[in-house]
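Colleague: Could you take me through one part of this model closely, and then show me how it sits in the rest? I would like to start with the charged pairs, please.

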Amino acid sequence: CPKMLGSSASYKILEPPRMTQKSALAALLLLPSFSYAATVLSAPPELNNKSYVLMDYETGQILAAKNENEKLAPASMTKMMTSYIIEQKLLKGELTEDEQVRMNESAWCRGSSTESCMYVPLNGTATVLEMLRGIIIQSGNDASKAMAEHIAGNEGTFAHMMNQEAKRVGMVNTHFINSTGMPAEGHYSTAKDMAVLAQHIIKDSSKYYPIYSEKEFTFNGIKQGNRNALLYTDPSVDGLKTGHTEEAGYCLTTSSKRGPMRLISVIFGTPSMNERASQTRTLLAWGFANFETANVQPANQVLAKAKVWFGKEDDVQIGLAENFNVTMPKGQADKIKTQLVVQPKLNAPLAKGQVVGKLVASLDGKVIAEKPLVALKPVEEAGFFARMIDHIKMFFSNL
């Protein structure tokens with residue numbers, strides 16, 4: 001039986017006869033939904049909009065919501081996916097920051113009052129990094145379409161890439177038709193899905209995330225300010241994206257970090273620019289007043305030793321690769337309980353950092369967060385005869 005090492009957490013092994021190793025690993029990814037209604041100090045605010053979500057960045061838990069899964073026009077918040085794809089391609093080396101992108105007539109903005117533009121001249125060029133700033137800060141439709149064409153050949157193919165990426169990151173109620181968010185039948189997302197996307201931008205695109213907090217950008221002699229009013233009034237706000245069309249109303253996805261806690265707010269369909277800003281302030285103020293983030297377990301500590309079959313070592317030290325921070329209603333930190341869940345039948349070889357289970361945090365008997373458990377040291381595969389002995393031992397252990 002695996003041994004606990006200096007931890008007050010309870011320990012649990014998934015039963016091997018009832019679950020294959022593949023399905024056990026899949027189960028590690030499941031996080032039951034949890035409502036904080038019973039322990040929150042005050043009720044969430046009532047806001048005049050079509051939909052909203054307040055999400056804890058660290059755990060992905062929804063702290064407050066209204067119509068969070070209603071499919072609505074996201075307007076220029078769509079560009080969060082456009083910028084995310086560009087950022088990921090930059091990080092993978094599939095694009096370079098100084099790579100030149102041409103402004104074709106199909107993407108060129110003629111200065112219409114009905115859309116926002118970066119104003120790259122027709123047949124002119126801008127670098128990928130300039131285009132990225134034009135998309136995020138200036139909300140340029142021309143920059144979005146030019147990058148879509150540069151990456152995928154045409155905007156329709158790029159939209160297919162957007163939908164594939166949305167599915168990959170867990171946006172389950174989203175479908176994109178274009179790269180800009182201009183009105184189109186069948187182009188929709190939800191407040192919850194946009195919060196999920198914001199989570200991924202902050203985490204996966206950390207190198208480029210500071211662009212989302214830049215207040216202005218000048219290109220072609222034209223200086224434009226970021227439309228996110230909260231960047232100018234709240235130093236804790238560092239992104240992400242505004243949106244507006246007549247169909248969508250005024251929308252805003254926001255991230256705010258105060259101390260160890262980061263909250264993501266998404267609001268669809270407010271009646272004005274002022275309302276989307278003031279409602280976001282109200283929602284964030286409520287979240288920070290009612291919740292706090294605490295470190296449940298630090299990284300790189302040996303939490304237990306688990307049995308390993310067919311290895312040069314009989315067991316493996318397991319722990320966390322990252323600090324386990326949990327957001328909870330204020331005053332509840334001493335009530336958090338943790339439980340180790342380890343895959344059954346760990347077989348060598350095991351690499352350092354390989355996921356072997358999860359550490360689950362619960363409050364009032366309900367799961368609120370979880371973090372992958374990893375092998376803190378590698379375990380090499382044993383020789384032939386040692387493996388044969390383990391096969392015999394495993395056979396009799398299953399009788």
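Modeller: Happy to! Let's begin with Lys358 and Glu370, which form a salt bridge with their closest N and O atoms 3.6 Å apart. A salt bridge here is a side-chain nitrogen of Lys or Arg within 4 Å of a carboxyl oxygen of Asp or Glu. This pair links distant parts of the chain, with Lys358 in strand S18 (residues 355-363) and Glu370 in strand S19, twelve residues apart. Helices (H or I, at least four residues) and strands (E, at least two) are DSSP runs, numbered from the N terminus. Lys358 is buried, with a relative accessible area of 12%; buried means under 20%, exposed over 50% and partly exposed in between, using a 1.4 Å probe and protein chains only.

Before going on, please keep in mind that this is a predicted model, in which local features need pLDDT of at least 70, side-chain atom pairs count only at pLDDT 80 or more, and totals for chains, interfaces and linings use all residues. Residues are numbered from 1 along each chain as its sequence is written, and side-chain values use heavy atoms, leaving out hydrogens and water.

Strand S19 (residues 366-375) also holds Lys371. Glu322 forms a salt bridge with Lys371, and their closest N and O atoms are 3.1 Å apart. Glu322 sits in the loop between strand S14 (315-320) and strand S15 (324-329), 49 residues from Lys371. Glu58 forms a salt bridge with Lys371 as well, with the closest N and O atoms 3.6 Å apart. Because Glu58 lies in the loop between strand S3 (51-56) and strand S4 (62-66), this pair ties together parts that are 313 residues apart in sequence. Lys371 counts as buried at 14% relative accessibility, whereas Glu58 is partly exposed at 31% and Glu322 is partly exposed at 44%. Through shared partners, salt bridges join Glu58, Glu322 and Lys371 into one network. A search of the whole structure finds eleven salt bridges.

Now for the wider setting. The protein has nine helices and 19 strands, and buried residues make up 51% of its 399 residues. Among contacts (heavy atoms within 4.5 Å) between residues at least 6 apart in sequence, 67% join residues at least 24 apart.

Helix H3 (residues 128-136) has seven of its nine residues buried, so H3 is largely enclosed by the rest of the structure. The buried residues of H3 are Val128, Leu129, Met131, Leu132, Gly134, Ile135 and Ile136. What covers them includes H2, helix H4 (141-152) and strand S9 (237-245).

Helix H2 (residues 79-92) also packs against helix H6 (residues 191-204), at an angle of about 25° and with the axes 10 Å apart. Those axes are lines fitted to C-alpha atoms over the stretch in contact, and angles run from 0 to 180 degrees between N-to-C directions. H2 and H6 are therefore roughly parallel to each other, a label for angles under 35 degrees. Residues of H2 in this contact include Met80, Met81 and Tyr84, while those of H6 include Met194, Leu197 and Ala198.

Definitions and conventions
Parallel < 35°, antiparallel > 145°, perpendicular 65-115°, else oblique.
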